[in-house]
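Hello,

Here is the structure I promised to pass on to you. Please have a look at it first, and then read my notes below.

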Amino acid sequence: MAAAGGAGPAEGEGRAAAGCSSLPAQEDDPGRGQLFNTVVDAFLENLLAAGSYQRFANCYHRFYKLQPEMTRSIYDQFISQLQTSIREEVHEIKEEGNLEALFTSLDKIVEEAKNREEPAWRPSGVPEEDIHSAMVPYLLKHQAYLRKALKEKEEENRKLAESVLAGRERISALQQQIQNRKQAWQALSKEQRELILTFKEPE
């Protein structure tokens with residue numbers, strides 16, 4: 001039966017190290033989702049290398065000397081459950097944070113930025129200049145929007161003023177028409193009374 005530093009544990013460490021040395025094959029231009037998965041896989045492989053069977057057997061040296069096969073079985077189950085647990089946790093984080101959609105959106109933004117001719121903005125190192133360069137375009141855009149809104153509101157007020165003026169003119173015309181009709185009615189009424197008096201027999 002081999003000791004803790006024997007051939008059996010050494011084989012496990014060699015296998016874990018070999019797995020750590022090779023990363024999953026990547027495409028020429030992988031997306032950020034694929035890069036994230038690659039990082040997770042690399043982390044798991046490094047974790048296996050750090051928690052190799054050699055170290056596990058050294059920690060439980062006496063048990064390994066008595067039951068090497070059982071030690072190996074426990075180690076394999078532990079590593080398998082650890083990997084499964086980590087992958088499930090990562091999957092839950094991706095689902096809760098909607099990382100797949102965010103990665104896709106970021107890839108799209110980067111791809112669209114490749115076709116832009118103007119250089120991308122970079123900080124100058126002077127906060128005042130950076131704030132000025134970032135805020136001035138926004139303020140100018142906001143100023144243009146306010147000017148447009150003011151012009152539209154002034155045009156709306158002008159139309160309302162014209163409508164009110166036209167309404168006042170119509171009211172004045174109606175008042176004048178009523179006054180004229182009133183005067184005409186009074187004059188007619190007076191003529192009628194005078195006419196009646198002329199036909200009335202003298203007493």
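**Asn 37 and helix H2**

Asn 37 has its place in helix H2. Before I go further, please keep in mind that this is a predicted model. The residue is partly exposed, because the relative accessibility of Asn 37 is 32%. If you look across from there, you will find Arg 87: Asn 37 and Arg 87 are separated by 50 residues in sequence, and their C-alpha atoms lie 9.9 Å apart in space.

Helix H2 itself covers residues 32-50. The buried residues of H2 are Gly 33, Thr 38, Val 40, Ala 42, Leu 44 and Glu 45.

**The whole chain**

Stepping back, the protein has seven helices and zero strands, and along the sequence this reads as α-α-α-α-α-α-α. There are 203 residues in the protein, of which 15% count as buried. As for contacts in the protein with a separation of 6 or more, 67% of them come from residues 24 or more positions apart.

**Salt bridges**

How many salt bridges does the count come to? The count is seven, and I will walk you through some of them.

One of them pairs Lys 94 with Glu 100, where the closest N and O atoms are 2.8 Å apart. Are the two partners buried or exposed, or something in between? Lys 94 counts as buried, because its relative accessibility is 13%, under the 20% cut-off. Glu 100, on the other hand, is partly exposed, with a relative accessible area of 38%.

Helix H7 (residues 127-199) holds the next pair, Glu 156 and Lys 153, which sit three residues apart, about one turn of the helix. Their side chains meet in a salt bridge with an N to O distance of 3.6 Å. Glu 156 is partly exposed at 41% relative accessibility, and Lys 153 is partly exposed with a relative accessible area of 44%.

Also in helix H7 are Arg 158 and Glu 155, again three residues apart, about one turn of the helix. The salt bridge between their side chains has an N to O distance of 2.4 Å. With a relative accessibility of 39%, Arg 158 counts as partly exposed, and Glu 155 is partly exposed too, with a relative accessible area of 33%. This pair belongs to a network: salt bridges with shared partners join Glu 155, Arg 158 and Glu 162.

**A nonpolar patch**

Which residues make the nonpolar surface patch of about 380 Å²? They are Tyr 60, Phe 63, Met 70 and Ile 74. Tyr 60 lies in the loop between helix H3 (53-59) and helix H4 (61-66). This residue counts as partly exposed, because the relative accessibility of Tyr 60 is 48%.

I hope you enjoy looking through it.

Best wishes

Notes: Residues are numbered from 1 along each chain as its sequence is written. This is a predicted model: local features need pLDDT of at least 70, side-chain atom pairs count only at pLDDT 80 or more; totals for chains, interfaces and linings use all residues. Side-chain values use heavy atoms; hydrogens and water are left out. Patches are made of residues with over 30% relative accessible area and no salt bridge: like charges are joined within 9 Å, nonpolar side chains (Val, Leu, Ile, Met, Phe, Trp, Tyr) within 5 Å. Accessible areas come from the Shrake-Rupley method with a 1.4 Å probe; for residues, only the protein chains shown count as cover. A salt bridge is a side-chain nitrogen of Lys or Arg within 4 Å of a carboxyl oxygen of Asp or Glu. Helices (H or I, at least four residues) and strands (E, at least two) are DSSP runs, numbered from the N terminus. Buried means under 20% relative accessible area, exposed over 50%, partly exposed in between (1.4 Å probe, protein chains only). The expected span of a helix is 1.5 Å times one less than its number of residues. Contact means heavy atoms within 4.5 Å.
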